[in-house]
2 protein chains.
Amino acid sequence: MASRPQPTRVRKLPDERRAEILRTAARIALEEGLERITLRRVADELGVRPGLIGHYFPAADTLVAEAFTDAATRERDTLLPADEEGLAPIDRLARFLVRLADGTYLDLSRLWLNARHLSRFKEGLREAVGAQETVTRTALTALIEAGVVAGEFDTDDALGAALHILVTVDGLGSYANADADIDVRLDHPALDDMAITTAEHELGLGRGTLRARL
Amino acid sequence: MASRPQPTRVRKLPDERRAEILRTAARIALEEGLERITLRRVADELGVRPGLIGHYFPAADTLVAEAFTDAATRERDTLLPADEEGLAPIDRLARFLVRLADGTYLDLSRLWLNARHLSRFKEGLREAVGAQETVTRTALTALIEAGVVAGEFDTDDALGAALHILVTVDGLGSYANADADIDVRLDHPALDDMAITTAEHELGLGRGTLRARL
DNA sequence: CCGGTTATTGGTCGCATGGCCAACTGGCTA
DNA sequence: TAGCCAGTTGGCCATGCGACCAATAACCGG
């Protein structure tokens, strides 16, 4: 407290301001959708004038793309932390899938749905989505390969298995999304376990093996 | 030709005009996205004034929701025709899945992605999506049940199997969509066959059984 | 303490959207 | 043929958007 760098700063350092804007935009994207990221909206949120946001992001599309990348990265780090090296691959996978199924990450699946659709119209976002997709796919494939080496998984196509799992997770996200706040929500046991079941089947694990790891 | 009802009609009958507007809006939705359905856009397409569209659809959201329903219904009738009674369930399913994998129906999967996302903001569309989802799910479930009765499929949870297939199809649609027009497009055999493989596994069919039905 | 750099302001523009409404006129009916 | 109903027009409004820019003032270095 005694040695606070800028006690009563009015103007912020560019890096600090830029990061602040990005963080705010990412939060808006997760909570309300990427199309709600607006120069005015972000400015209001930060208590500054819209022009300032435009100053840091001359093209609004850039802000949207970077906000998505920021949000997707942070969420992935929570779902599939890179610094869990001490943990066995099978346990990392189990945690990843269970966290997803938790429903806690409804916002994230909505964000992906949002981004995938919006990328149809926004070049920069399309590239960002592709990049994030690659990162996730690569990380999961590496995890599976590590598990194969460790003798925990049995598959001769780690990428194929990763794709199957990710496609399933994505499909589930779409479904869950549709009836998010309706009471008519479809509730079937197959939906709850689908991702885990798929992973177990794809990796040569017995039914219930993954869930049992918790 | 001799007894053409309205040879040079300028003003159209309400039902006729309304259907014409809906058809146009549905086409725009399939080709360019639901958010391109605009009073002005549809009007231009039909060579009339924007106000006229507003006259038939006092709330623009209604037009969007009905256009989606129209497009989704037409496309479903092509993919899974109801009047194929002569065909065995297993053959109907095989045709359904192969048609989907064809890639011919990229527009349709994009439309669903579009609708699922946009339904977050539009009440009417949300209901329409739910309704269409129910129709498709019900039709596929009935098809599977018929196959079980005929001894072609083996499952004790037709709905669960239908859900698994539909979730997979949806997930694939999302993936295919993302890299639609990029050359970096991910190409893995597991993706091409995933829906069919899932169906075969879920229905107790041997690998390659479904594709062999063509 | 002063001068220059630049973060920030505050406003304006052009554009697209949906909604609204009075006026016009095509075409049916009595 | 006269008249009326309603399909259709044309124009207006408020709103929200991104882009742009000159002016201002906060901060930092000399």
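How do the residues of the surface near DNA strand D divide into nonpolar, polar and charged? They divide into 11 nonpolar, 3 polar and 7 charged. Here Ala, Val, Leu, Ile, Met, Phe, Trp, Tyr, Cys and Pro count as nonpolar, Asp, Glu, Lys and Arg as charged, and the others, Gly among them, as polar.

Before continuing, note that this is a predicted model, in which local features need pLDDT of at least 70, side-chain atom pairs count only at pLDDT 80 or more, and totals for chains, interfaces and linings use all residues. Residues are numbered from 1 along each chain as its sequence is written, chains are lettered from A and ligands numbered from 1 in the order in which they are written, and side-chain values use heavy atoms, with hydrogens and water left out.

**First stop: DNA strand D**

Select DNA strand D and the 21 residues around it. A residue is near a strand if one of its heavy atoms lies within 4 Å of it. Val10(A), Arg11(A), Arg11(B), Lys12(B) and Arg49(B) come nearest. Of the atoms of DNA strand D within 4 Å of the protein, 65% belong to sugar and phosphate.

Next, display the polar contacts (pairs of N or O atoms within 3.5 Å; within protein, one must be able to donate a hydrogen and the other to accept it, and residues adjacent in sequence count only if both atoms are side-chain atoms). The side chain of Thr38(A) has an N or O atom 3.3 Å from a phosphate oxygen of DNA strand D, and for the side chain of Arg49(B) the corresponding distance to a phosphate oxygen is 3.0 Å. Arg40(A) reaches a base instead: a polar side-chain atom lies 3.0 Å from a base nitrogen.

Now colour the helices, which are DSSP runs (H or I, at least four residues) numbered from the N terminus. α2 (39-46) of chain A, together with α1 (14-32) and α3 (50-56) of chain B, each supply at least two residues of this surface. The largest share, 4 residues, comes from α3(B).

**Second stop: DNA strand C**

Select DNA strand C, which 20 residues surround. The closest are Arg11(A), Lys12(A), Arg49(A), Val10(B) and Arg11(B). A polar side-chain atom of Arg11(B) lies 2.2 Å from a base nitrogen of DNA strand C. At Ala60(B), a backbone N or O atom is 2.9 Å from a phosphate oxygen of DNA strand C. Which element gives the most to the surface near DNA strand C? It is α3(A), with 4 residues. By class, this surface has 10 nonpolar, 3 polar and 7 charged residues.

Two packed helices are described by the angle between their axes and the distance between the axes. Select α1(B) and helix α4 (residues 60-79) of chain B, which pack at an angle of about 75 degrees with their axes 8 Å apart. The helices are therefore roughly perpendicular, a term for angles of 65 to 115 degrees. Axes are lines fitted to C-alpha atoms, for helices over the stretch in contact, and angles run from 0 to 180 degrees between N-to-C directions.

**Last stop: the end of α7(A)**

Select helix α7 (residues 123-149) of chain A, whose end C-alpha atoms are 39 Å apart. Finally, select Gly151(A), which follows α7(A) and has a positive phi, near 80 degrees.

Terms used
Angles under 35 degrees count as roughly parallel, over 145 as roughly antiparallel, 65 to 115 as roughly perpendicular and the rest as oblique. The expected span of a helix is 1.5 Å times one less than its number of residues.
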